Amino acid sequence: MARARLVAGNWKMHGSRESNRALLDRLLQEIPGIKGVECAVCVPFPYLGQIAERLAGSAVAWGAQNVSEHAQGAYTGEVSAAMLAEFGCRYVIVGHSERRQLYGESDAQVAAKFAAAQRAGLVPILCVGETLAERDAGRTEQVVDRQLQQVLNLEGKDSVSKAVVAYEPVWAIGTGRTATPQQAQEVHGFLREKVLPETRILYGGSVKPQNAAAIFAMPDVDGGLVGGASLAAKEFLEILKA
Ligand code: 13P
């Protein structure tokens, strides 16, 4: 089953209008020369206008890092999926471990966000992943299964297959400690059995130019969700080439 490869940058809460401009200029220069992989950047909400203007008509897609599960209403500070669609977003990350851990997002809430994103025509990037304690306790599969199952129960296998799943072991995020290609493949293989064969499953967690090629070579790894290294054009481009 040939699945289109995707490397998505997650800028997290980084950027400025000026640094964004420099980064996008570099990407726009080089990306037309990189074949066989789709590139996307998921940026903070205030930059969506700038990014949409700069990337319109280019080979680089863009998206957001979070979305409300509600369509509209009295939810101060929240942003709806329809609003993201108006800014031309293709993707939106849902259930990032930082949202789950720091902002208490539950599996049920993440599933509702996933559904809201799809209703607005966006492609959700659903993040799943275990903490170090959960891995050490041998509970990795149980945890990612629970996180995925909520969405499967709510939306069904077909919907999930049109989305993107990202396996991001929490212990590998921003720590410089990456899963080995074998560790990634084990979990990707497990997730693969739960979704349809065409579902893209990305790996995220300290992806760098030095480790990207080995991880991306695994049969059930269809690309990456890249944090820190997506903020440096040179590193991000090297990962895309991998
Ligand atoms: P790092 O690549 O900085 O480890 O972040 C991974 C991540 O959380 C992407 O969503």
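Helix H7 (residues 140–155) and helix H9 (residues 181–192) pack at an angle of about 40°, their axes lying 11 Å apart. That angle makes H7 oblique to H9, since angles under 35 degrees count as roughly parallel, over 145 as roughly antiparallel, 65 to 115 as roughly perpendicular, and the rest as oblique. Axes here are lines fitted to C-alpha atoms, for helices over the stretch in contact, and the angles run from 0 to 180 degrees between N-to-C directions. Helices (H or I, at least four residues) and strands (E, at least two) are DSSP runs numbered from the N terminus.

This is a predicted model, in which local features need pLDDT of at least 70 and side-chain atom pairs count only at pLDDT 80 or more, while totals for chains, interfaces and linings use all residues. Residues are numbered from 1 along each chain as its sequence is written, and side-chain values use heavy atoms, with hydrogens and water left out.

The crossing of H7 and H9 is right-handed; a crossing is called left-handed if the near helix is turned anticlockwise from the far one by less than a right angle, and right-handed if clockwise. At this crossing, Thr140, Glu141, Val144, Asp145 and Leu148 of H7 meet Val187, Phe190 and Leu191 of H9, where contact means heavy atoms within 4.5 Å.

## Helix H1 and its partners

Helix H1 (residues 17–30) holds Asn20 and packs with helix H2 (residues 48–55) as well as with helix H11 (residues 233–241). The values for the packed pairs are set out below.

| Helix pair | Angle between axes | Distance between axes |
|---|---|---|
| H7 and H9 | about 40° | 11 Å |
| H1 and H2 | about 25° | 11 Å |
| H1 and H11 | about 30° | 10 Å |

By their angle, H1 and H2 are therefore roughly parallel to each other, and H1 passes H2 in a right-handed crossing. The residues that meet are Arg17, Asn20, Arg21, Leu24, Asp25 and Leu28 on H1, and Gln50, Ile51, Arg54 and Leu55 on H2.

H1 and H11 are likewise roughly parallel to each other, and H1 passes H11 in a right-handed crossing. In this pair Leu23, Arg26, Leu27 and Glu30 of H1 meet Ala233, Lys234, Phe236, Leu237 and Lys241 of H11.

Asn20 is buried, with a relative accessible area of 2%; buried means under 20% relative accessible area, exposed over 50%, and partly exposed in between, computed with a 1.4 Å probe on protein chains only. With its neighbours within four places in sequence left aside, Asn20 is in contact with Trp11, Gly15, Tyr47, Gln50 and Ile51. Asn20 and Leu231 are 211 residues apart in sequence, yet their C-alpha atoms are 8.9 Å apart in space.

Lys113 lies in helix H5 (residues 107–119) and is buried, with a relative accessible area of 2%. When neighbours within four places in sequence are left aside, the contacts of Lys113 are Asn66, Val67, Ser68, Glu69, Val94 and Glu105.

Leu132 belongs to helix H6 (residues 132–136) and, at 34% relative accessibility, counts as partly exposed. Not counting residues up to four places away in sequence, Leu132 touches Trp171 and Arg177. Leu132 and Ala172 are 40 residues apart in sequence and 8.8 Å apart in space, taken from C-alpha to C-alpha.

## Loop residues and a charge over a ring

Lys12 lies in the loop between strand S1 (6–10) and H1, and the phi angle of Lys12 is near 50°, a positive value in a residue other than glycine. Ser206 lies in the loop between strand S7 (200–204) and helix H10 (209–216), with phi near 55°, which is also a positive value in a residue other than glycine. At 9% relative accessibility, Ser206 counts as buried.

Arg99 lies over the face of Tyr103, at 4.2 Å from the ring centre; a charge sits over a ring if NZ of Lys or CZ of Arg is within 6 Å of the ring centre and within 35 degrees of the ring normal.
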